[in-house]
Every structure is written in structure tokens, then in C-alpha cells.
Amino acid sequence: MWRGGLRTRSLLERLRGGASLGARRRRGTAACERALQHEVGERIHGFTVSQVTDIPELSLTAVKLSHDSTGAKYLHLAREDTNNLFSVQFRTTPLDSTGVPHVLEHTVLCGSQKYPCRDPFFKMLNRSLSTFMNAFTASDYTLYPFSTQNPKDFQNLLSVYLDATFFPCLRELDFWQEGWRLEHENPRDPQTPLTFKGVVFNEMKGAFTDNERIFSQHLQNRLLPDHTYSVISGGHPLCIPDLTWEQLKQFHATHYHPSNARFFTYGNFPLEQHLRQIHEEALSKFEKIKPNTSVPTQKPWDKPREFQITCGPDALAADSSKQTTVGVGFLLPDITDTFEAFTLSLLSSLLISGPNSPFYKALIESGLGTDFSPDVGYNGSTREAYFSVGLQGVAEQDVQAVRDIIDRTIEEVLQKGFEDDQIEALLHKIEIQMKHQSVSFGLTLTSYIAPCWNHDGDPVELLKLGSQVARFRQCLRENPEFLQEKVKQYFKNNPHKLTLSMKPDDKYFEKQAQKETEKLKQKIDCLSPKDKKQIYEKGLELQTQQSKAQDTSCLPALKVSDIEPTIPLTHLEVALAAGETPVQYCAQPTNGVVYFRAFCSLHTLPEELRPYVPLFCSVLTKLGCGLLDYRQQAQQIELKTGGMAASPHVIPDGTHLDVYEQGVLFSSFCLDRNLPDMMQLWSEIFHSPCFEEEEYFRVLVTMSAQELSNGVPDSGHLYAMVRAGRTLTPAGDLQETFSGMDQVKLMKRMMGMSDIGQVLRKLPRITKHVLNRDNMRCSVNATPQQMSLAEKEVEKFVQNVGRSKAEWKPGHLSVVEKPAPSGSSGSTHISGPRVLRKLITDPTFKPHQTKTHFLLPFPVNHVGECVRTAPYTDPDHASLKVLARLMTAKFLHTEIREKGGAYGAGARLGHDGMFTFYSYRPVPEFLRTRVRNPLEGGVCRPRLPQVPRGLKDFAQSGEGSPAVLADWPAYGCL
């Protein structure tokens with residue numbers, strides 16, 4: 001997976017991963033105590049300990065080591081978290097855009113000395129209990145992480161990862177499959193035209209259909225033009241065919257060496273076992289070298305520069321004349337200066353985050369554009385960081401006006417600085433995000449430290465957030481103009497400044513296709529008859545290898561005896577607030593954070609208001625409430641909470657496919673000391689939301705519409721899947737309304753309305769149906785010590801929420817009351833009164849098949865096909881769930897990714913009973929020749945277990961619906 005050219009998430013965004021819920025205790029845990037026993041200078045299985053540091057703000061202990069004979073660096077973060085993680089990263093610094101590190105990332109996972117079967121990485125997905133497995137190619141490093149809660153599984157996966165990265169087979173046919181190849185459109189017919197194929201080739205074609213990615217990549221390439229950042233690490237589609245197999249093998253030999261590696265482990269498994277296995281299975285077989293992979297500093301410019309580029313048009317744009325993007329970038333210092341990087345990351349947030357920030361006020365609220373330019377803010381993914389700011393959705397004649405606003409805003413910040421409340425809100429956000437909990441904290445940490453560590457920065461210093469916050473506060477006390485001086489140094493007086501503008505070209509994709517055609521012709525014209533014969537024979541050989549049954553007996557696998565036979569039981573208590581509103585309480589070690597959620601049914605909502613529910617949810621917490629205007633509300637939310645959100649929610653019934661619950665989910669969290677303030681904010685939002693700021697409402701609509709439109713190229717398969725299920729269940733129809741292409745097109749239409757007030761006036765009508773305590777239910781997660789305060793505050797909140805003012809007007813929909821599950825079930829035990837839910841059914845709904853094709857200007861495609869099967873409680877549902885995994889691993893992956901060169905494909909079964917097939921970025925030629933229903937055999941008949949009744953019957957009855965997002969009239973098109 002390629003991550004190059006994209007902004008590394010900021011400090012605050014990284015921390016939103018939080019600490020894992022597996023962390024049952026904080027200080028003095030067994031894992032931390034065990035790690036603290038290590039001493040500097042201690043030698044353990046070929047490694048020497050160089051540092052042992054307690055980091056209490058993250059409840060972990062860091063142990064730094066180095067490998068004696070190779071110099072490999074190692075960081076272990078001990079924490080009482082059962083979701084243990086391993087990663088190994090290599091500094092990979094290409095000097096051309098052939099995508100060699102990206103192709104290598106794919107190819108090393110196709111077989112190794114110890115595990116020579118084809119594609120052991122994907123085959124381990126069905127032999128493991130991993131909670132995460134993947135690999136990433138960034139601009140200057142490649143990262144291979146996995147996580148699991150099972151000790152034996154950890155050892156198995158570690159063995160596969162070590163052998164793949166250090167001892168890969170790197171077979172030529174694997175290079176052809178994953179990188180690029182010339183192959184006949186029909187590999188078995190040498191008379192059909194030759195074409196480019198390959199997984200990475202198609203992945204990158206898809207990546208550059210995204211205008212935001214195009215802009216971000218050019219911004220990095222132009223701002224850092226002297227070395228590896230001037231090229232595209234993932235590969236440019238027109239350069240990838242210049243990569244040779246020999247170059248790939250040479251790049252591995254010089255970059256994938258322990259002396260160029262950084263190992264990372266996290267969690268509560270013992271460090272010693274990890275070190276022993278890594279040393280014995282990999283590092284003991286190498287000697288130390290001096291890798292020539294360092295990135296030199298960028299030579300600073302003596303004057304600003306400007307560049308103009310082009311991109312494809314936005315097919316969904318409301319105004320075709322306003323599609324220009326302009327941004328201004330500034331080069332910043334080396335990211336290994338951790339405190340300066342910390343300071344500039346905070347300064348970036350103060351400049352651009354939220355309606356109180358200077359650039360938000362000056363740019364977003366100017367009306368000149370639709371949203372910030374891509375890659376806005378601080379980017380610390382390269383050796384020297386950079387900051388950029390600008391606008392997209394701008395008229396070409398307004399480009400200079402945007403540049404003037406940026407310069408003027410910098411001057412205003414120099415004069416006025418920042419309000420104390422803004423700074424306090426930002427520091428509060430850091431505090432709460434350090435305590436916030438999730439299940440992927442290890443992955444968050446390895447991603448956060450990777451760029452700095454990659455350039456020999458100190459990852460432990462990077463994690464000492466408490467000391468960095470304290471130093472930051474001290475700097476502000478000693479020098480009130482501390483931040484203004486940074487603005488002056490890095491923005492006002494910085495000649496290393498780039499202005500990049502991007503405008504659409506109606507013939508952009510046509511020109512790209514023509515360039516690819518010329519590249520293909522150039523390659524073909526160089527071929528002799530012998531070469532062409534070899535290509536044909538190699539194509540047949542590759543297809544034979546891909547279709548050949550693999551002996552996977554060499555791969556490690558878990559046994560039943562390796563798996564814990566029981567799951568920890570979670571106790572939930574249900575009580576009634578205000579005598580009737582059910583509240584579910586769950587006492588957990590939440591690290592001093594209280595989590596609140598509420599669900600309000602929308603069963604009385606008129607159908608004509610349904611399409612506006614997502615917009616209602618998006619703006620509800622942003623337009624102001626009570627006596628607070630939208631700026632004051634935003635400030636209070638940042639000062640007192642970790643965020644407040646509302647989202648549309650569709651919950652399928654577990655027993656019937658045509659029954660569902662619709663509503664709005666409200667969620668927020670805060671430090672326990674701020675719980676009364678957070679609940680007061682919710683009370684004001686429920687009691688007196690503000691829908692009067694028409695101009696700011698237009699700003700929010702415009703930003704939301706632009707964000708949805710930008711997401712289509714990268715998430716086309718999701719949109720296709722949602723669309724395909726629209727006519728199969730009533731819930732599927734509602735999902736399309738809430739989150740499908742219908743919603744994207746509606747938002748784009750609203751964006752172009754001259755009278756946005758007509759939409760704004762619909763929102764108070766929705767409040768009558770949702771912002772009341774009738775048919776509300778809540779949940780609270782907090783520490784046992786805070787539960788009594790939580791009960792008191794939730795009781796007060798519910799009492800302040802009014803009754804429904806809406807009447808149920810029966811139409812063709814019917815409402816069914818049904819109790820929610822209670823008692824003991826699986827890993828949960830619920831005690832207390834039963835909760836009644838208002839479910840909706842449509843007696844007139846008849847499932848039927850449809851075919852949908854969206855014509856969009858992309859050179860790749862996204863396909864989804866849904867089959868209506870069995871509800872969650874049906875005996876067939878579990879079998880179908882397993883079948884989806886088997887179809888993905890045993891059939892679809894081989895046929896669509898390996899043979900067809902699409903970036904991804906699979907099958908999945910949702911709780912709603914929709915069995916969905918999808919493909920991600922296949923090329924048109926592939927769809928014309930290979931897409932078949934796997935239930936009918938298709939290209940080949942997979943060896944799968946007997947297909948359960950639900951899927952086979954519905955597939956034969958025709959109750960399936962395909963949808964395609966593509967640029968040509970293809971399979972599943974009307």
C-alpha cells in the first residue's frame with residue numbers, strides 16, 4: 001500500500017488512536033515492571049540495551065536496543081495491552097519514479113526461502129488471529145506491521161514477516177504479477193493486443209485519478225526537489241514500465257539489510273522472546289554494512305518559486321468554472337528536532353483548525369473556495385517538514401486574491417498572536433487524546449514515530465509528550481511572543497516558499513491515456529519476434545502458476561489448543577433515567593475519560609426529510625446553541641470535550657431482512673472533571689440548536705460537498721457496494737440515501753443553490769423528530785469511581801430534554817416494537833430493565849434486481865454486486881460469513897488481483913444479510929473478459945465448501961444487484 005505524497009497525520013490526529021482498551025491497569029503493570037528491570041548495557045540474545053525510560057503519560061516503558069553484529073535499531077514499548085504489535089521498517093530512498101520500493105513491498109510478500117509457496121502473506125490471513133496485517137510504502141521508508149493478541153500467532157507471523165523481508169524469493173513471475181508486465185488481453189490468444197498489466201501499475205493509475213493526491217504529490221516534489229522527495233516512491237504509471245527485475249533485486253540487496261532496519265514491538269508479551277526469534281531467524285545471518293540510504297538536507301532557496309499543473313475535471317462539480325486549487329507551501333526544519341517539530345505542529349493547528357483559527361476565518365469564510373487545499377497544515381512525513389495552506393474550488397481569476405489573503409493573514413497573526421483560550425483548548429486536546437482509548441494504540445505509535453526515527457531522530461523523546469507540553473508552556477511564559485516569532489521566522493521571512501496552482505483540463509485523462517498508449521507502443525516496437533513469443537509463453541506460465549494449487553503445509557498455523565477457549569465477559573447495567581429513558585452503564589478502566597453516547601429513533605420522520613438527515617447531523621454541533629454562536633460553541637467543545645458528533649444510523653434487525661431501525665447516534669467523550677460541562681453542552685444542543693447562521697451554513701455545506709466528492713475516486717468500491725444493495729432491502733435503500741452516490745449528488749446540488757435558506761429551513765423540522773427523549777437510549781463508559789457522577793449528570797441531561805412534538809403519520813411504512821437483546825449472550829451480560837426499540841418495515845417493498853452504471857472520468861473502475869441472503873440470527877448466516885472469507889482468499893483474490901491485476905477484490909457479509917462482491921481499481925479490459933459470478937464457476941470453478949442455501953438460492957433467483965463506477969459502459973451497466 002502506497003502512502004507517499006500524503007500528509008503524515010498531525011500529533012493530535014495520531015493521538016486520536018489513543019490507548020488500547022486492553023490496558024486494564026496503568027502504572028505498575030506487569031509489562032512495565034518487567035521492562036523496567038532491564039539495565040543499560042545488558043546484553044540479550046545478540047542485542048544490547050541502550051536506554052530504559054518510563055513514559056507515564058502514555059502508561060508505557062520504552063526499551064531501546066541495538067543489535068551487536070549488524071547495528072539494527074530496536075525499540076520495545078512495554079504496556080499492559082493484549083493487542084501486541086510488531087513492525088520492521090527500512091529506509092527506502094528511490095531516485096526515480098519507477099516505484100521500485102512499492103513494487104518491492106508487494107513482491108517480498110509473494111514467497112520466501114522458508115515459506116516458498118506463492119503469496120504466503122495473504123494465505124496467512126486464514127491461518128491467523130491477527131488484528132492487523134499490512135505493509136506501507138512511504139516517501140522514504142517501507143513499513144511492515146502486524147498485530148495479534150495470541151502469543152503463538154505472534155511468533156508465527158513474526159517468522160513469516162522476517163523471512164519475507166530478509167529472505168524473499170523475488171521470482172520474476174512474481175515481479176510480473178505485482179509490478180508490471182506486457183501481456184495479451186487474452187493471455188491464451190497471441191493474436192489479441194498486448195497491454196500493460198500489474199497490481200502496482202493499476203494501483204497507481206487509480207491513485208492518480210484523485211486530484212487531491214495529484215496536488216499533494218506535486219507539492220512535495222516541487223518543494224523538496226533535490227533528492228528522493230522529487231520522485232514518486234509509489235511509482236508513476238508512465239515510469240513503472242521502465243523498472244526491471246534486476247533493478248528490483250538490487251534495490252532489495254542495498255536497502256533490506258538489518259543495518260538499514262528499525263524493529264519495533266509493543267504490548268505485554270515478553271521482550272526476550274521477540275529478541276531471541278529475530279536474532280536466530282534473521283539477524284544472525286548478516287554482518288554489519290554501511291547503508292548509503294540517508295537523505296541529505298534540502299538546499300534552501302533564496303527566493304520563492306511558482307508552478308502550475310493540471311488535473312482531471314470534477315464530474316460532480318456544481319460550478320465548472322470554480323475548480324482551480326491553489327496552495328502556498330513553506331519549508332520547515334528537520335523533524336529530528338522533536339521540540340521544534342512539536343511546536344510547529346501545534347502552531348499549524350492554531351493557524352488552520354476550526355472556525356476560530358486565522359486561516360479558517362480568512363480563507364474558508366471568504367467564499368472564494370470550497371475547502372482548504374489538499375495537504376493543508378503541518379506535514380512531518382519528510383526529513384524536513386513543510387506547512388501548506390490554500391483553497392480548492394477557486395475560480396481561476398481569484399487565485400491572486402487567495403495568495404493575497406494568505407500573506408495578509410500571516411501579517412495579522414504577527415500583530416495579534418493567538419488568544420489564550422485557543423492555546424488552552426489545543427493543549428487540552430493533547431491531554432485528552434493521551435488518555436483516550438482504542439484498540440490500535442500500537443499501530444498508532446509505530447506510524448507516529450516512523451518518519452522521525454527513519455532519519456535517526458530519537459523516538460523516545462518524541463513520545464515524551466508531557467515534558468514537551470511543559471516546555472511549550474514555559475516558552476510561552478518566558479516569551480509571550482514565542483509563537484509570533486515562529487510565524488515570522490518560518491512564514492513571513494522564509495524565501496523557501498512555493499506557490500502551486502492546479503487547474504482542470506477537460507482532456508486530462510484523455511492525454512494520460514494517450515501517453516500510456518505511446519509508452520505501450522514504444523515498448524512493443526522494441527520487441528523482436530523472439531521477445532513476443534517469450535512474452536506469450538511467460539504469460540501462459542504465469543497464468544498456470546496462478547491457477548496451480550499451492551502446497552501451504554510449510555506455513556505456520558494456529559491449533560485449537562493455541563486459542564483461549566473463553567472470552568472475557570463484559571458486564572452491562574441498564575437503568576432508567578427520568579423514569580423511562582434506558583441508560584446502559586459499563587464500568588471500564590477508561591484512564592480518566594468518560595464516554596457518552598445516545599441514540600434517538602427517527603421512526604416518525606417524513607420520507608421527504610430523509611435525504612437531509614446526514615447534513616443535519618453534520619452541522620448540528622457546528623452552528624451554535626443556546627447563547628453560544630458557532631465560534632463560541634467550537635471553542636467550548638475544544639476546551640471541555642474530545643469532540644461531539646452526530647451521525648445517521650441504520651441498524652438492521654437481526655431476524656428479518658426487511659425490518660430495520662433508523663435514527664441518529666450522538667457521541668462524545670471528555671475528561672472526568674469536565675463531564676458536567678459536556679452534558680450541559682448536549683443539553684443546549686438538544687434544547688436550543690441554532691439554525692440561523694445562513695452564510696456559515698453555506699460554508700459548511702460547501703465543505704461537506706467537496707469532501708464527499710473528493711472521496712469518490714478512492715472509495716468508489718464502497719459507493720458501488722452501497723448502490724448495489726439499494727433495491728434488495730429497505731435498509732439498503734436508506735443506506736444509499738444516507739451515504740451513497742445519491743447523497744453525494746444531493747450535496748453537490750445544494751452547494752450550487754443560490755437560495756441555501758430553503759435547505760436550512762428543513763433542519764428545524766428534523767429536530768422535532770429526533771431531539772427529544774421519546775425513543776432515546778443512552779450509554780456511558782467510565783471508571784467505577786466516576787460512575788455515580790456519570791449517573792447524576794445523565795439523569796439531569798435526560799430531564800432537560802423535551803418530549804417529541806412530532807406526530808406519527810402512517811404512510812406505506814409500518815412501525816414495530818421489539819425488545820433489544822438482554823441477559824447473557826456471547827461475551828456480554830446485560831442486567832436491568834428491557835429496552836424497547838421502534839423498528840420500521842415496509843410492507844410494500846419487493847426486492848428486485850437492478851443494474852447501475854455511473855459514468856465518471858476515471859481510467860479505473862470500481863464494481864460491487866450484492867446478493868440478498870439470510871439475516872444475522874439465521875443458521876446459514878455463520879456459514880455465509882465463513883464462505884465470504886473463503887471466496888476472497890481461495891477464488892476472488894487469485895482471479896481478480898493476481899490474474900487481472902486489480903488492486904483488490906473480495907466478498908463480505910454484513911449484519912444486514914447482504915452478501916457483497918466487490919473489486920477495487922480493475923481496468924476495463926479485465927472486466928470485459930474476467931468478471932463472472934463465482935457461484936457459476938466463472939473463470940474457473942473454485943474448490944469451496946458447499947454453498948449455503950441462502951446465497952445459492954438467491955443467486956439463482958436473480959435477487960442480486962450490481963453497480964459499477966467506471967469510465968466505460970461495462971458489466972452491470974444500464
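Mentor: Start with K73 and D456. In this predicted model, the two form a salt bridge, with their closest N and O atoms 3.7 Å apart. The partners come from distant parts of the chain, 383 residues apart. K73 sits in strand 4 (residues 73-78), while D456 lies in the loop between helix 15 (441-454) and helix 16 (459-463). K73 has a relative accessibility of 30%, so it counts as partly exposed. D456 has a relative accessible area of 49% and is also partly exposed.

Now take R403 and E306. Their side chains meet in a salt bridge at 2.8 Å, N to O. This pair also links distant parts of the chain, at 97 residues apart. R403 belongs to helix 13 (residues 399-416), E306 to strand 12 (residues 305-311). E306 is partly exposed, at 45% relative accessibility.

E661 and R837 make another salt bridge, with 3.2 Å between the closest N and O atoms. Here two strands are joined: E661 is in strand 22 (residues 659-671) and R837 in strand 27 (residues 836-841).

R723, R726, D733, E736 and D742 are linked in a network of salt bridges. The count for the model comes to 48 salt bridges.

The largest nonpolar core has 137 residues. Those with the most contacts inside it are F359, F472, F491, F596, F666, W682 and F697. Helix 11 (residues 338-352) gives the largest share of this core, nine residues. Look at F666. Beyond its neighbours within four places in sequence, F666 has contacts that include F596, L620, W682, F686, V770 and L771. R597 is also among the contacts of F666. A second, separate core has 85 residues, including I44, F146, W176 and L224.

Move to L602, in the loop between strand 20 (593-601) and helix 21 (613-620). L602 is buried, because its relative accessibility is 0%. Setting aside residues up to four places away in sequence, L602 touches V613, Q662, G663, V664, H769 and V770. The C-alpha atom of L602 is 32 Å from that of P713, which lies 111 residues away along the chain.

Helix 3 (residues 100-107) is mostly covered, with eight of its eight residues buried. Among them are H102, E105 and H106. The cover over its buried residues includes strand 7 (136-137), strand 8 (141-148) and helix 6 (172-178). It also includes helix 7 (199-207), helix 9 (245-255) and helix 31 (875-899).

Helix 20 (residues 529-547) has 19 residues. From first C-alpha to last, helix 20 reaches 27 Å, close to the 27 Å expected at 1.5 Å a residue. Its buried residues are I535, K538, G539, L542, Q543 and Q546. They cover an arc of only 135 degrees around the axis, so they lie on the same side of helix 20. An α-helix has 3.6 residues a turn, so residues three or four places apart point the same way. The face turned away from the buried side of helix 20 carries the exposed residues P529, K530 and K533.

Notes. Residues are numbered from 1 along each chain as its sequence is written. This is a predicted model: local features need pLDDT of at least 70, side-chain atom pairs count only at pLDDT 80 or more; totals for chains, interfaces and linings use all residues. Side-chain values use heavy atoms; hydrogens and water are left out. Helices (H or I, at least four residues) and strands (E, at least two) are DSSP runs, numbered from the N terminus. The expected span of a helix is 1.5 Å times one less than its number of residues. Buried means under 20% relative accessible area, exposed over 50%, partly exposed in between (1.4 Å probe, protein chains only). The arc is that of the directions from the helix axis to the C-beta atoms. A salt bridge is a side-chain nitrogen of Lys or Arg within 4 Å of a carboxyl oxygen of Asp or Glu. Contact means heavy atoms within 4.5 Å. A nonpolar core is a set of buried Ala, Val, Leu, Ile, Met, Phe, Trp, Tyr and Cys residues joined through side-chain atoms within 4.5 Å.
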